[in-house]
Amino acid sequence: MKTYLKTTYREIIEILDVSDKITTYLKLNKLPHYTTIQKFFIRMSDTKLKDLNNLILFMHPIDCELAAMDGTGHTSDYADKYYAKIRGKSRKSYIKNHISIDIGTRLILHYAATKGPKYDTEFAIPAIRQIKKYKPHYVLADKAYDSEPIRKCINEEAKAFDQIPLKKHAKKGHYRLNSISIFRNKVYSRRMNVESVIFVIKRRFNGINYSRNTTLQNKETKLKDVLYNIYRTIQLFN
């Protein structure tokens with residue numbers, strides 16, 4: 001609720017304090033102090049988030065004909081903008097959020113977050129190895145992912161066909177040069193679904209992280225990916 005409503009820890013407790021229906025549903029006889037929720041988030045492990053996401057995916061039979069990958073940045077901005085301006089400070093670092101989705105359900109199959117700037121290609125091969133269990137027929141990505149190791153991983157490890165536009169002046173690489181013959185514009189056009197998922201994450205759960213250190217900012221980003229899957233699950237069930 002806090003992330004969905006884009007509130008602070010203190011504000012979400014104030015909302016619950018006047019929401020009898022929500023507190024009854026959550027079986028809360030007594031509201032916790034806002035610092036209790038804050039400390040819980042600090043202690044919550046990434047493994048618990050991953051387990052929750054796996055449970056969500058387990059609830060849906062995924063026939064992953066098409067998978068798509070892309071990345072985006074979540075800015076870190078917890079300090080007052082006026083203070084940053086007068087001190088001449090500008091935040092250039094951000095959290096890089098990389099997701100792989102099943103285009104059929106638009107559920108996130110795999111996510112990774114780390115302090116940026118990072119190239120999307122650094123996430124690609126680990127992501128392919130994680131989603132290969134869903135047996136995608138095609139893996140879609142934009143031109144930034146055009147490299148021989150990424151294409152080789154898709155074809156040899158995931159046993160899928162890569163649908164990645166070839167960069168200009170590509171002169172070597174077996175899978176890169178072979179991609180011209182297997183590229184299908186109609187299939188590749190479905191890649192826009194991963195951009196739509198990124199848009200929804202930022203619109204519904206905010207593209208700004210307010211945590212104060214990198215570890216918590218990474219966790220906050222991952223939490224938004226899992227919350228998106230919960231949000232998407234509700235749409236699928238309805």
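Guide: Arginine 106 sits in the loop between β2 and β3. The model is predicted, so local features need a pLDDT of at least 70 and side-chain atom pairs a pLDDT of 80 or more, while totals for chains, interfaces and linings use all residues. Residues are numbered from 1 along each chain as its sequence is written, and side-chain values use heavy atoms, without hydrogens or water.

Look at the backbone of arginine 106. Its phi is positive, about 60 degrees, although the residue is not a glycine. Most residues other than glycine have a negative phi. Arginine 106 has 29% relative accessibility, so it counts as partly exposed. The cut-offs are these: buried is under 20% relative accessible area, exposed is over 50%, and partly exposed lies in between, with a 1.4 Å probe and protein chains only.

Lysine 6 is another residue with a positive phi, about 55 degrees, and it is not a glycine either. It belongs to the loop between α1 and α2 (9-17). With 42% relative accessibility, lysine 6 is partly exposed.

Which residues of α11 are buried? They are Asn193, Val194, Val197, Ile198, Val200, Ile201 and Phe205. Seen down the helix axis, they fall within an arc of 160 degrees, so they line one face of α11. The arc is taken from the directions that run from the helix axis to the C-beta atoms. An α-helix has 3.6 residues a turn, so residues three or four places apart point the same way. On the other side of α11, Met192 and Phe199 are exposed.

α11 covers residues 192-205, which makes 14 residues. From its first C-alpha to its last it reaches 20 Å, close to the 20 Å expected at 1.5 Å a residue. That expected span is 1.5 Å times one less than the number of residues. Just after the helix, asparagine 206 takes a positive phi of about 85 degrees.

The largest nonpolar core has 26 residues. Ile99, Ile101, Ile108, Leu140, Val197 and Tyr228 touch the most other members. α5 (46-58), β1, β2, β3, β4 (138-140), α11 and α12 each supply at least two residues of this core. α11 gives the most, with six residues.

Isoleucine 101 shows how these parts meet. Contact means heavy atoms within 4.5 Å. Leaving aside neighbours within four places in sequence, isoleucine 101 is in contact with Leu66, Ala67, Ala68, Leu107, Ile108, Leu109, Asn193, Val194 and Val197. Apart from this core lies another, of 13 residues, among them Ala141, Tyr145, Ile150 and Ile154.

At 1% relative accessibility, isoleucine 150 is buried. Beyond its neighbours within four places, isoleucine 150 is in contact with Thr121, Ala124, Ile125, Ile128, Tyr145 and Ile164. Its C-alpha is 8.8 Å from that of aspartate 162, which is 12 residues away along the chain.

Step back to the whole protein. It holds 12 helices and six strands. Of its 238 residues, 45% count as buried. Among contacts with a separation of 6 or more, 63% join residues 24 or more positions apart. The C-alpha trace spans about 65 × 50 × 25 Å along its principal axes.

Definitions and conventions:
Helix = DSSP H or I, 4+ residues; strand = E, 2+ residues; numbered from the N terminus. Core = buried A, V, L, I, M, F, W, Y, C linked by side-chain atoms within 4.5 Å.
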